[in-house]
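Work through the exercises below with the sequence and the structure side by side, and try each task before reading its solution.

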Amino acid sequence: MSVKPNYIRPIDFKHGRVDMNHGAGGRAGAQLIEELFARAFDNPALRQGDDGAALDMPAGHRLVMATDGHVISPLEFPGGDIGCLSVHGTLNDVAMMGAQPLYLAASFILEEGFALAELKRIVESMAAAARDAGVPIVTGDTKVVERGKGDGVFIATTGVGALPAGRRIGGAQARAGDVVLLSGSIGEHGVAVLSQRESLEFETAIVSDTAALHGLVAQLLAAVPEGAVHTLRDPTRGGLATTLNEIARQCGAGMLLHEADIPVQPQVEAACELLGLDPLYIANEGKLVAIVAPEHAAAALAALQAHPLGRAATRIGVVQEDPHGFVQMCTRFGGRRVVDWLSGEPLPRIC
Amino acid sequence: MKYVDEFRDGAVARGLAAAIAAELQPDRRYSFMEFCGGHTHAIARYGVAELLPPQVRMIHGPGCPVCVLPIGRIDQAIQMALDQGAIVATYGDTMRVPASQSLSLMKAKARGADIRMVYSAADALKLARQNPQREVVFFAIGFETTTPPTALALRQAAREDLPNFSVLCCHVLTPSAITHILESAEVRQYGTVPIDGFVGPAHVSIIIGSGPYEHFAEEYRKPVVIAGFEPLDVMQAVLMLVRQVNQGRAVVENEFTRAVTREGNLAAQAAVAEVFELRERFEWRGLGEVPYSALKIRPAYARFDAELRFGLGYTPVPDHKKCECGAILRGVKRPTDCTLFGTVCTPENPMGSCMVSSEGACAAHYSYGRFRDIPVVSVPA
């Protein structure tokens, strides 16, 4: 009697679907982890296969930790998918603290019936994003929910990074007189996703700007003295407007922006015009706001512009004393207005 | 953006502002009502009010279809979705309008109602085709701009003999609302609300033409200038209104010649006339019942009329008793005159109609202009 070399039949990624067995804690789940996740994310810590990962931290640094849940429809969009987004989003949150991102953890909630082929594409995109960023996914988890109780796949990622002990970068550090810099044009991610929504579907050349920003941050911080950069923030959900309002609230000051200096690609502007949306409130995934001491603003801006992800960086305004914390804007038209928090979801107007 | 940026040019705006200031008679004030929410939004978003001389006051009229939608109508939509299991499809900005029992379509959705946001009446029709086992109701709101697409959807439904599609028709009419304002006691008794002229709606006029406003100009001696929604359109209209007032003229002028004619879109008007007829009375939020101010579905299309199909009765529901929306919509009060403004009533938690849509007078002032109410220490940029 001949002994079969492998009693386990490989997963059929071409035709297979996620089923409840994949989340039952048994062989099917282990097989999915081994044949998909571990293979795609492969690194020494993950290879141990333990419940957690024991990791080294550089001496003289504080640990920064950030976590982010990713639920997005559609899962794949021009310029990216939920996989690379879940890597970039969390890495960027770590980077916005002024820290070097070191490790990622990922948790997957899969819906019964979800095509394994699509899952494989998403996981491979995620692995490529992590590899390109130089940040390994060292531990993770997979759960399956019944059909109808999920939206295909939800991915939660947690990132840790190392922050030099004396560095203090945060929303509360901004102060009146500081200069507000923006690394590039706004609204591309949100418009790319909107263009794929089933009910909307419009043709656009716009692709998501999703990108890992830690390289850009490192270049910025290297170009100015320690302490010159007061705040870093990536304007994701809620867009630039919401991000600046958050910072204004944290630091107890206001801001004055100049609309003419805020870059918006013509296609984004046109799509927003058509839908009755404002680019200031549309999500970005590869842009940052840097609030910098005025004497170092020119050097900071030059450093941003010298990086491929910051070529279109501009100075968009200043932080100003204002106990009410208004973010105001001089419009291109010549008037002035408040740039307010987003109220609920940005909804298209009817006419 | 070609064909848009030209109408947002700051240098031209300053020139127009200077021209307006130069033509004002020093001893008089000018009050113009912009009827349309689109104008209110443009004025607030681009800071047009700051460029206009202080002698010119813009009064925000009732021309936001979301703002004037009464609570009782949203209650009907919620009832069909929550109690009768229908899929209710509607335009996005209708989702947040407050209804009875602290509900809105969005909150009803969270309670299990099947409410879908659509971008057109045709999308609602598509939903009906995709869900043959479910009743699909299009909650149709809006002025003359959104009425023709609803008429076309109804005609198409009849052609296909769609058994599961109906429309809750809440389409309203611009001219009747303007008449209502001009007939209101505050406007007729000179001095309470002086209205020297109207900035007429852009999109509505593309459909109905400029003809229907001639009556106001002649009968009520109020100049009307139909204007586009770009900020320069609004400023140009103000200049044209100032000239008419100064010359003692009251005629309909068309600033928006790039899209509006005297006759309007006859094909659209014919489609609307085929499918809809006048309602004798319809309640507007903030204005109360306005006679002959809305449309209902003609008997020939009765099988697609959600009110008949679901046996819906209409129960008017009063606004919060301190809400001043009615007075604000008629220009009697400003948003800041309302004690609820910015405290109890905010865009996150709107109490009254003017705070609901970004085109509402209160929401526009709250979102874009409230810094003017509070002195702010500014550092030059």
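**Exercise 1.** Leaving aside its neighbours within four places in sequence, which residues is Leu119(A) in contact with?

*Solution.* Keep in mind throughout that this is a predicted model. Begin by locating the residue: Leu119(A) lies in helix H4 of chain A. Next, consider its exposure: buried means under 20% relative accessible area, and Leu119(A), at 0% relative accessibility, therefore counts as buried. Finally, list the residues it touches beyond its sequence neighbours, which are Val18(A), Leu36(A), Phe37(A), Leu110(A) and Phe114(A). As a check on distance, Ala283(A) is 164 residues away from Leu119(A) in sequence, and their C-alpha atoms are 24 Å apart in space.

**Exercise 2.** Determine how helices H1 and H4 of chain A are placed relative to each other, and which residues make their contact.

*Solution.* First take the geometry: the axes of H1 (residues 27–41) and H4 (residues 116–133) of chain A come within 8 Å and cross at roughly 30°. Angles under 35 degrees count as roughly parallel, and H1(A) and H4(A) are therefore roughly parallel to each other. Then read off the contact, to which H1(A) gives Leu32(A), Leu36(A), Phe37(A), Ala40(A) and Phe41(A), while H4(A) gives Leu116(A), Leu119(A), Lys120(A), Val123(A), Met126(A), Ala127(A) and Arg131(A). Sorted by class, the residues of this contact are 10 nonpolar, no polar and 2 charged.

**Exercise 3.** Describe the sheet of chain A that contains strand E1, and find where H1(A) lies on its strands.

*Solution.* Start with the order of the strands, which is E1-E6-E4-E5 in an open sheet of 4 strands with mixed pairing. The edges are E1 (61–70) and E5 (137–145) of chain A, each of which pairs on one side only. Neighbouring strands are turned against each other by 15° on average, with direction ignored. Now look at one pair: E1(A) and E6 (residues 153–164) of chain A run antiparallel and are joined by 10 bridges, and Thr67(A) has Thr158(A) as its bridge partner in E6(A). Last, place the helix: H1(A) lies across E4 (100–111) and E5 of chain A, and runs at about 145° to E5(A).

**Exercise 4.** Is Asn92(A) buried or exposed, and which residues does it touch?

*Solution.* Asn92(A) is found in helix H3 (residues 82–95) of chain A. With a relative accessible area of 0%, Asn92(A) is buried. Not counting residues up to four places away in sequence, Asn92(A) touches Ala211(A), Ala212(A), Leu213(A), His214(A), Asp234(A) and Glu285(A).

**Exercise 5.** Turn to chain B, and work out how the sheet containing strand E4 is built and how helices H6 and H7 are arranged on it.

*Solution.* The sheet is open and has 4 strands in the order E4-E3-E5-E6, with parallel pairing. Its edge strands are E4 (115–118) and E6 (165–171) of chain B, and the twist from one strand to the next averages 25°. Within this sheet, E3 (residues 87–91) of chain B pairs with E4(B) in the parallel sense over 4 bridges, and Val88(B) stands opposite Ile115(B) in E4(B). H6(B) packs on the sheet, where it touches E3, E4, E5 (136–142) and E6 of chain B, and its direction makes about 170° with that of E5(B). H7(B), in turn, lies across E5 and E6 of chain B and runs at about 160° to E6(B).

Now compare the two helices with each other: H6 (residues 121–130) and H7 (residues 147–160) of chain B pack at an angle of about 25°, with their axes 8 Å apart. That angle makes H6(B) roughly parallel to H7(B), and their crossing is right-handed. Among the residues that make the contact are Leu125(B) of H6(B) and Ala153(B) of H7(B), and by class the contact has 5 nonpolar, 2 polar and 2 charged residues.

**Exercise 6.** How many residues of helix H16 (residues 361–369) of chain B are buried, and what covers them?

*Solution.* The count is 9 of 9 residues, so to speak of H16(B) as mostly covered is in order.

Technical notes: Residues numbered from 1 in each chain as written. Chains lettered and ligands numbered in written order. Predicted model: local features only at pLDDT ≥ 70, side-chain atom pairs only at ≥ 80, totals over all residues. Heavy atoms only, no water. Axes fitted to C-alpha atoms, helices over the stretch in contact; angles between N-to-C directions. Parallel < 35°, antiparallel > 145°, perpendicular 65-115°, else oblique. Left-handed = near helix turned anticlockwise from the far one by under 90°. Contact = heavy atoms within 4.5 Å. Nonpolar A, V, L, I, M, F, W, Y, C, P; charged D, E, K, R; others polar. Buried < 20%, exposed > 50% of the residue type's maximum accessible area, 1.4 Å probe, protein only. Pairing = 2+ DSSP bridges.
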